[in-house]
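Subject: Structure for your review

Dear colleague,

Please find below the structure that I am handing over to you. My notes on it follow the sequence and the coordinates.

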Number of protein chains: 2
Amino acid sequence: MTREEARELFFSRWREMSLIDSTAAVLGWDEQVMMPPRGASWRASQFAMLAKLSHEILVSPSLGEALRTLATDGPDPVVSAQAREGLRRHERASRLSPSLVSEMAEVCSLAQPEWRKARHDSDHARFAPWLERIVRLKRMEADSVGWKDHPYDALIDEYEPGTTTGSIRSLFASLAPAVSAIVARRAAEQGAQEPAGHYPVEEQRKLGEMAARFVGFCFESGRLDVSTHPFCSGIAPGDCRLTTRYKPTGFVESFFGVLHEAGHGLYEQGIPAEWAGTPLGQAASLGIHESQSRLWENQVGRSAPFWAFWFPIAKSFFPGALKETNPADFLKTLRVAKPGFIRVEADETTYNLHIVLRFEMETALLSGDLSVSGLPDAWNRRFLELFGLAVPDDRRGYLQDVHWSGGGLGYFPTYTLGNLYASQFMAAARRELPSLEHDISRGDVSGLLDWLRKHVHSKGRSVRPEELCRLATGEAPTTAYLLAHLGSLAPTA
Amino acid sequence: MTREEARELFFSRWREMSLIDSTAAVLGWDEQVMMPPRGASWRASQFAMLAKLSHEILVSPSLGEALRTLATDGPDPVVSAQAREGLRRHERASRLSPSLVSEMAEVCSLAQPEWRKARHDSDHARFAPWLERIVRLKRMEADSVGWKDHPYDALIDEYEPGTTTGSIRSLFASLAPAVSAIVARRAAEQGAQEPAGHYPVEEQRKLGEMAARFVGFCFESGRLDVSTHPFCSGIAPGDCRLTTRYKPTGFVESFFGVLHEAGHGLYEQGIPAEWAGTPLGQAASLGIHESQSRLWENQVGRSAPFWAFWFPIAKSFFPGALKETNPADFLKTLRVAKPGFIRVEADETTYNLHIVLRFEMETALLSGDLSVSGLPDAWNRRFLELFGLAVPDDRRGYLQDVHWSGGGLGYFPTYTLGNLYASQFMAAARRELPSLEHDISRGDVSGLLDWLRKHVHSKGRSVRPEELCRLATGEAPTTAYLLAHLGSLAPTA
């Protein structure tokens, strides 16, 4: 195969695979946002068919040959970088036997309803055999992919290319006790709550759309809808969709849902369109993706300058509910650090402790240091250490999250890596843009968005996350900025 | 290939093709209803990719072999019927050369923007060369597919299996002068108009949803949304979607949009779910499909019994706008027959004249009896005969419709066949259900729906449209019932 033939084959096949994957993304968005309930069964068959078609392309030997031909250094370094990333995906997928892939799909589809019942009844015994099978299959996956220091390396690499269990462990080692200490120190402020009152949903929708526009999300290339769990789906260049959810008793949840998802959406809208349908035409990693959502949600959205601009606007939307509140008191309600059992309800501070816990349990299960039978005790013991709370039942313990039942082991750490990168990026942007906070307080975030476009979005997947962090901030990933941020949330700061 | 192997191959491949086609249907719905504008270019590539994948399955020689093995009479007559319909589609698609298919796709995608400009400027000279190429390609398509009496037979057969140019011509021969006479006779009533006033869109939406539920459309298996042009998309068993459009100056358009599309939707929801993903798991034809929408829209929706029940409801939704109106006067506004230039704005009576005209022009273009250069004159001359109106420009003449620019020659007649079948079905249902009109006036349409489920919906594609008509009504298709219906619309009737 000549280099030219390889190039032609690689880019045309990859584009075809991307078209299939993005078609599945439309169907996925539709399933969450639009599909009538009885469409579920046929939709599942559509997903299976698209997954099969996409997988056949990814593992095809001719694609592999083309990628190997191009991955060596050649006249066009971008093509070589494209091919190296393509080859990484091809090799990973090729190393998994079809029987492992199909057993995983089958076990996970059976395990999910079992998990649902087990969580409802707080019934460890019901879910345990399924989790054992899933852990065994994930370990087989790791062994098939290959690993050096820890089998978890093979899993995390899929979501956070180049990041290892060891590097996460050392970051989390300094993070966990420091966060626990911050939480303990801030116990006195835990009572601050969003003002009670009526927040009309239609007003929330308008305000949320304003906020998305405000941060720079383009509605010519996107939408904002409603779903049970907020998400962002970057379907295609020119088509990125956000969701949030509304309840009439408060606007904070829907508003921050929009800010968070719009952060993801800005990233998707900022990846170079000319890379669409190629390996580099996507986010650097889940952790970097999460950094963009967390940056707008927490670094910007929970800051005093932001609410200097937005509080009067919010008040004009909800004049009754916010009548008695001032910006400083309102801000306090956004910055509470309050230990709780449920990860998805956690504030930005205690959230990280949930992730540390998941990471410790996942790695121990995968290495065999922890058995599924020992999991509830191990979870509850460590939860008490980290949060100072005794877990009352497995429903509020390890059974709370759906992910493991679907085979999702290995990406929980990307949430806290996202927080860490968000803080580090924000600190770097502040250094380079001295008027940043002043600009935000006047309603101008364009300088920050430009900085992110330049240092993060425009890179696509052309650099690894740790390297991207280094290039953008001048430093390797560190917990220092996240801890400084979390420490500064107290009202006295 | 054994019969058993053939069966396995046929049903699995056909199901896969149906999954792909239904995926394209989701994307098509999404494009019309949801997609942000800048998603258009990538979406076009997704459609092309899905069409290619589907086509590859349909024309695959192994599928052809399996279909030929099964299409002969066998132990299971349903399987043989499935295979015969599958073979019909396979053979038709296989007879078109890949170069013809790709030239057609290319010419049509280039012709559409040219048509748009030509219509805007009423510029025949701009569109003429494109239409010439399209007619030439459609003639090549007809010749590839094969035909005996008229090349148009090969085109109409795709939409209305088993129906011929000759049979349509003889139906239309009696229809056209009779309809023209009805229109002329009713010139005096042309002034009746929907009462002016404000009709809040949200109230129209609620009323439309009520109407869809009223006729039996299931929202567990469907949705109702908004699009520029109303349509119904039967995506999958359990997933059928309607759209309509709203303007605050009247509710009739949105309401009848819903009734029309819900008629299509009831058909989709009534096709046996066990046939999903097989050749028989679809409508008998476009004409039969249209009969279901027209039946609910015109036969039911423009009847006195229907408004005996619905007028008080509509009045409670729009108390201001409908204050001065009574059911009889309101009904008159729904039954006007008023000649106009634009097909999509036509009433149910004059609509048929537009179709007769299109059919005459299409068949003459395809046979070569009419040249593209002679088209405007021929159109305008015949328009004057049929409508008694002189066409002022080509924009309001032959250039008004998008269809030809996209290669859509051959299915215009299905609209009037739908009207014809709708009248004939309704007459048969009335004979079998003596209390039908009384039931409708009390708000009960379940007897009619059951009749349609039994005689039309449950048949899927297992019988040809003309045979379906005969089985359901005891007669071959005839214009008698449609003419009786149109003649009865006058207030004196």
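This is a predicted model: local features need pLDDT of at least 70, side-chain atom pairs count only at pLDDT 80 or more; totals for chains, interfaces and linings use all residues.

Helix packing in chain A

I begin with helix 9 (residues 201-215) and helix 10 (residues 252-270) of chain A, whose axes come within 9 Å and cross at roughly 30°. Helix 9 of chain A and helix 10 of chain A are therefore roughly parallel to each other. The crossing of helix 9 of chain A past helix 10 of chain A is right-handed. On the side of helix 9 of chain A, the contact involves A:Q204, A:L207, A:G208, A:A211, A:A212 and A:V215. Their counterparts in helix 10 of chain A are A:S254, A:F255, A:V258, A:L259, A:A262 and A:L266. By class, the residues of this contact between helix 9 and helix 10 of chain A comprise nine nonpolar, three polar and no charged.

Helix 10 of chain A also packs with helix 11 (residues 286-300) of chain A, at an angle of about 140° and with the axes 7 Å apart. Helix 10 and helix 11 of chain A are therefore oblique to each other. Here, too, helix 10 of chain A passes its partner, helix 11 of chain A, in a right-handed crossing. Helix 10 of chain A contributes A:F256, A:L259, A:H260, A:E261, A:A262, A:G263, A:H264, A:L266 and A:Y267 to this contact. From helix 11 of chain A come A:H289, A:Q292, A:S293, A:L295, A:W296 and A:E297. The residues of the contact between helix 10 and helix 11 of chain A fall into seven nonpolar, six polar and two charged.

The two sheets

In chain A there is an open sheet of three strands with the order 1-3-2 and mixed pairing. Its edge strands are strand 1 (222-226) and strand 2 (232-236) of chain A, each of which pairs on one side only. From one strand to the next, the twist averages 20°. Strand 2 of chain A pairs with strand 3 (residues 239-244) of chain A in the antiparallel sense, over four bridges. Within chain A, A:G234 stands opposite A:C240 of strand 3. Helix 1 of chain A packs on this sheet and touches strand 1, strand 2 and strand 3 of chain A. The direction of helix 1 of chain A makes about 145° with that of strand 2 of chain A.

Chain B likewise has an open sheet of three strands, in the order 1-3-2 and with mixed pairing. Strand 1 and strand 2 of chain B each have a single partner strand and stand at the edges, so one side of each is left without a neighbour in the sheet. Strand 1 of chain B and strand 3 (residues 239-244) of chain B run parallel and are joined by five bridges. In chain B, B:G222 stands opposite B:C240, which belongs to strand 3.

Domains of chain A

Chain A is divided into domain 1 (1-95) and domain 2 (105-194 + 274-493). The centres of these two domains of chain A, taken over C-alpha atoms, are separated by 28 Å. Domain 1 of chain A gives 12 residues to the contact, and domain 2 of chain A gives nine residues. On the side of domain 1 of chain A that touches domain 2, the elements giving two or more residues are helix 1 (3-33) and helix 4 (77-95) of chain A. Helix 4 of chain A gives the most to that side, with seven residues. The residues of this side of domain 1 of chain A divide into four nonpolar, three polar and five charged.

Yours sincerely

Technical notes:
Residues are numbered from 1 along each chain as its sequence is written. Chains are lettered from A and ligands numbered from 1 in the order in which they are written. Axes are lines fitted to C-alpha atoms, for helices over the stretch in contact, and angles run from 0 to 180 degrees between N-to-C directions. Angles under 35 degrees count as roughly parallel, over 145 as roughly antiparallel, 65 to 115 as roughly perpendicular and the rest as oblique. A crossing is left-handed if the near helix is turned anticlockwise from the far one by less than a right angle, and right-handed if clockwise. Two residues are in contact if their C-beta atoms, placed from the backbone, lie within 7 Å. Ala, Val, Leu, Ile, Met, Phe, Trp, Tyr, Cys and Pro count as nonpolar, Asp, Glu, Lys and Arg as charged, and the others, Gly among them, as polar. Domain bounds come from an automatic or database domain assignment. Two strands pair if DSSP finds at least two bridges between them.
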